[in-house]
Amino acid sequence: MSKSKQALENKEVVQAIVIADSYNDNFQPFTATKPLALLPVANVPLIEYTLETLNQNRVEEVIVFCSQHIDQVKRYIGERQSARCTWSIGMKVTVISSETCRSIGEALRDLDAQNTIRGNVLLLGVDSVTNANLAALLEEHKRLAKLDRGAVMTVVYKEGSRRLRTGNEVLIAMEPRTRRLLFHQRLAQQEKERSFELPLELFLANRDVAVCHGLLDPQIAVCSQAALPLFADNFDFLSRDDFVRGVLINEEILNSRIYVAKLAREEYAMRVNNWQSYHLTSLDVISRWVYPLVPETAISEFRQQYKHCRNNIYRHRRLRLSRLCELDGDVVLGEESDIREGTYLRQTVVGKGCKIGRNCRIVNSFLLDGAVVGDNSVLSHCVLERDVQVGARCNLKPGTVLGEGVQIPDGLVVDGLLLQANEPSADDWGTPVQKIAERAYTIPVLQEDESDSDEEDREAGQWALNQPCTIAPLPERYPASVYEPSDDECDNGLASPVPEDASIFLSEVVESLKRGLADRTNAEYLILEINSSRYAYNMSLCEVNYYVVKAILQIMLQQEGVATNAVGTLRRLLAYFGIVFRNYIRDQDAMMDCLKAFEEMCPISETVRAKIPQLVHFLYEADLIAEEVIIKWYDGLEDDSIKAVLSKLVQWLQESSEEDDDEDDDTEEDD
């Protein structure tokens, strides 16, 4: 046998296990009729994100283990393979099913019995959304395994930037040099802990111990070949948390150790484990934090699905959209959707074939295919599943989830209920079910004090992992950088960080932009760099908007010929930085931050001071700054000299606005 042929046979096939079920009721009523794998995030099923990520990381074989709605999962994957989607070309995907499995542990025991895993393997859930470099994590685990033959698993965590608990947060202790995991505790979703107890032996037995609080656990791991037999030998390992805890307690007996890998700041990872984390992940995808998995690219297909407009508005090329409706930002409008006049949408996903009537207000809500909303209805933090019908003048309050086929009559107020179309039997829930309408019955939400879980389960973290959690408005203390600033933050103007931090952040933004301009790298990557720096220095969104514009102006002033042609210089810069500029300067508050940056540069630069009318006019003509924002900013200026320079521009804007109003009046009279 030749050496090349032998090397080919000895080459380890890169494998991944995808657990397609959550083994809980957190996504009722959706999972009553559909598999979790087909839950759409920004109109794309979860399984597409998972398989495309694995494909981009050069995984060769994927085993999708499924226990519920098996036929639907097999049919979907078969259809996608027949359609020759991107992940189907170079990656083999196999569905293995067992209707008797009720936990991840049982699933892995079943896979071990079938001898399907031949080496190191990636283990993740279909609900793990990430753009991380999994190939690098796999190689790092292989390196660890060479140094320590007992390295049975590398668990992946992400530094938690949020202060909102989703049930994905953990407290760990590890050896900082080797990153060997020493302690693991899942945090309660309700944030009831006042303090934490770590065993004294932890510090006595280890010279150095690093304690990390609030890490996000996306349920991604790299497993050695010995991991599955450990599950098979220990029937009390029902979840991955059970496995981790069991190995930590019996390290010497099992001769196995677990290591920690932390994702880089620019890498995204989140587990969609309940409706609240579904809400957060959907907005993260819309805001392009999971790049290159962004809505307009038609994930796993060779075509562009949406047109990406300003303020992260994604519009399908085939839809009916009234000119009199308002799209405020972070909106996805699916194919053949119909939105009538007077309707307001913000941070909302509209699926294929949805119909929304006149004068509706829909905020932070998710409408799956075929949903219908009547005139003058209000939806806030809701989920409407397939073919739901909401009548006119209805009010769906935060936390409402309407299952497939639910029909809400006109004028009804639904206050945070989970509803399904058909009456469930008493055996299904064991608690009374309320009839809201002819096709709307309540699904009880289990509260903590009603749980039958014993104290041991609570300590094991199973409560936090499996507790239902409905969509709710984000609390005020939720960091504004991910979505939008709080009202208090914007009303009070720019926040005041530590001056050194602000200065360092600005310098890092300038360096990132200059390096990107010189190398002509993809401008999308600059956004990731800026966001990473922002996390490091705890900057609010208002501050990021301000300093990004200030950084662009500083770079502009360093260009040749800027004194004689400032507008032309800014135009050339924005030809490259335009993606970055539009990502941050999206709504009227952000436009005000932009103009404040111009205002603050006037005392520093005579060029900006002299050319500010032309620069602001250029931004207005380029549709980057709105007329009403310019006028509002002008009215609030305290520097009379700047106000005098801008007076002609503002006068022209006001006169143009009056002429447009007159033309509209004349048109209406002619009609």
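Let's start inside a strand pair: Val 156 has Ala 261 in β13 as its bridge partner. This is a predicted model, and the tour below moves from its strands to a loop residue and then to its aromatic rings.

**Two strand pairings**

The strand facing β13 here is β8 (residues 151-157), and the two pair in the parallel sense over six bridges. Strand β13 itself covers residues 257-262 and is mostly covered, with five of its six residues buried.

Further along there is an open sheet of six strands with parallel pairing, in the order β17-β19-β21-β24-β27-β30. The edges are taken by β17 (320-321) and β30 (407-408); each has a single partner strand, so one side of each is left without a neighbour in the sheet. Within this order, β21 (residues 355-356) and β24 (residues 372-373) run parallel and are joined by two bridges.

Is Asn 364 buried or exposed? Asn 364 is buried, with a relative accessible area of 6%, and its place is in the loop between β22 (361-363) and β23 (366-367). Leaving aside neighbours within four places in sequence, Asn 364 is in contact with His 279, Leu 283, Arg 346, Gln 347, Thr 348, His 381 and Cys 382.

**Aromatic rings**

The structure holds 11 aromatic pairs. In one of them, Tyr 291 and Tyr 525 have ring centres 5.9 Å apart and planes at 85 degrees, so the pair is edge-to-face. Tyr 291 sits in the loop between α12 (275-286) and β15 (306-309), while Tyr 525 belongs to helix α18 (residues 523-536), so this pair ties together parts that are 234 residues apart in sequence. The two partners fall into separate burial classes: Tyr 291 is buried, whereas Tyr 525 is partly exposed.

Ring pairs also link Phe 27, Trp 275, Tyr 278 and Phe 366 into a cluster.

| Residue | Class | Relative accessible area |
|---|---|---|
| Asn 364 | buried | 6% |
| Tyr 291 | buried | 17% |
| Tyr 525 | partly exposed | 44% |

Methods. Residues numbered from 1 in each chain as written. Predicted model: local features only at pLDDT ≥ 70, side-chain atom pairs only at ≥ 80, totals over all residues. Heavy atoms only, no water. Pairing = 2+ DSSP bridges. Helix = DSSP H or I, 4+ residues; strand = E, 2+ residues; numbered from the N terminus. Buried < 20%, exposed > 50% of the residue type's maximum accessible area, 1.4 Å probe, protein only. Contact = heavy atoms within 4.5 Å. Phe/Tyr/Trp six-rings, centres within 6.5 Å; stacked < 30°, edge-to-face > 60°.
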